[in-house]
Structure formats: C-alpha cells, structure tokens
Amino acid sequence: MSAGMITALCYPKCSTCKKAIKWLDEHGIPYEYRDITLQNPTSEELATWHARSGLPIRRLFNTSGMLYRQMGLKDRLPGMSDEECYQLLSTDGMLVKRPLLVGADLVLVGFREAEWEQRLLG
C-alpha cells in the first residue's frame with residue numbers, strides 16, 4: 001500500500017460495501033479495492049489495524065454473519081486473547097466486519113457515512 005493510498009477491504013456481494021464504494025467514488029477518493037474473501041487479512045495486518053483503530057477487538061468481527069453465529073463466537077470472544085482473535089479473523093474474510101477502510105493514518109470499520117465524511121473529507 002503506497003503512502004496516502006487507502007485500501008477498501010470489501011465483500012463484492014455485500015450491499016453495505018457497495019454503498020461505501022459508491023460513496024468513495026462519488027467523493028473522488030482514490031482507493032485500492034481488495035476482495036476480503038480472496039485475500040484475507042493476515043493476523044499481522046489485523047493486529048496493526050486494530051492498534052491503529054483504537055476500537056475494541058470485537059468491533060473487527062462481523063457479528064451479523066452466519067459464520068460468526070455458527071462458531072458461537074458471541075460466547076467465545078470474551079475469553080479469547082487479542083492474538084487468538086487475530087488468528088481466527090485471518091482464517092476467513094467473512095468473519096471480518098466490512099467494509100474495512102485502511103489508510104496510512106486511519107482505520108474505519110463498517111460504513112457510517114458521517115464518520116467517513118469527518119475522517120476522509122475533514
């Protein structure tokens with residue numbers, strides 16, 4: 001990722017991801033698109049992004065996803081270390097909350113238009 005370049009980690013069939021990409025395009029914000037199912041984030045990337053985001057680890061999980069529910073993660077997460085969470089998240093992109101927007105000085109998890117506007121447009 002080049003300095004100043006934003007990477008948008010998305011799932012192509014996700015309606016929220018489509019809205020986020022449309023928003024970036026409409027505001028002329030350049031980004032690199034990364035299909036989260038074809039190119040899972042690594043545990044190292046996740047650790048870096050989590051630290052940069054300042055968010056609790058559970059915010060990186062796609063809590064409304066089928067896989068999250070099937071794996072019973074709601075009950076398992078509280079007993080897991082951050083490292084165990086990064087390892088688990090890196091096994092399947094469908095476990096990661098998306099869209100995930102990563103830049104040199106920002107990490108935005110999920111698409112909340114007001115937050116994106118504030119962070120990306122100033």
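## Pairing of β1 and β2

In this predicted model, A8 has Y33 as its bridge partner in β2. The two strands concerned, β1 and β2, run parallel and are joined by five bridges.

## The sheet

β1 and β2 belong to an open sheet of four strands, ordered β2-β1-β3-β4, in which the pairing is mixed. β2 (31-35) and β4 are its edge strands, each pairing on one side only. On average, and with direction ignored, neighbouring strands of the sheet are turned by 15 degrees against each other.

Strand β1, residues 6-10, also pairs with β3, here in the antiparallel sense and over three bridges. Within that pairing, L9 has L100 of β3 as its bridge partner. On the β4 side, L100 is partnered by V109. β3 and β4 run antiparallel and are joined by four bridges; together they form a hairpin, with two residues between the strands.

β3 is covered on both faces. L100 and V102 are buried on one side, and L101 and G103 are buried on the other. Helix α6, residues 113-121, lies across β1, β3 and β4. Relative to β4, α6 runs at about 170 degrees.

The loop between α5 and β3 contains P99. The peptide bond leading from R98 into P99 is cis, with omega near -5 degrees. In general, most peptide bonds are trans.

## Nonpolar cores

The largest nonpolar core has 21 residues. Those touching the most other members are W49, F61, L73, L77, L89 and L100. At least two residues of this core come from each of α2 (43-53), α5 (82-89), β3 (100-103) and β4 (106-109). The greatest contribution is that of α5, with four residues.

L89 is in contact with L46, L60, F61, L95 and V96, leaving aside its neighbours within four places in sequence. L100 is buried in β3, where it is the bridge partner of L9, and it is also among the residues that touch the most other members of the core.

Methods:
Residues are numbered from 1 along each chain as its sequence is written. This is a predicted model: local features need pLDDT of at least 70, side-chain atom pairs count only at pLDDT 80 or more; totals for chains, interfaces and linings use all residues. Side-chain values use heavy atoms; hydrogens and water are left out. A nonpolar core is a set of buried Ala, Val, Leu, Ile, Met, Phe, Trp, Tyr and Cys residues joined through side-chain atoms within 4.5 Å. Buried means under 20% relative accessible area, exposed over 50%, partly exposed in between (1.4 Å probe, protein chains only). Contact means heavy atoms within 4.5 Å. Two strands pair if DSSP finds at least two bridges between them. Axes are lines fitted to C-alpha atoms, for helices over the stretch in contact, and angles run from 0 to 180 degrees between N-to-C directions.
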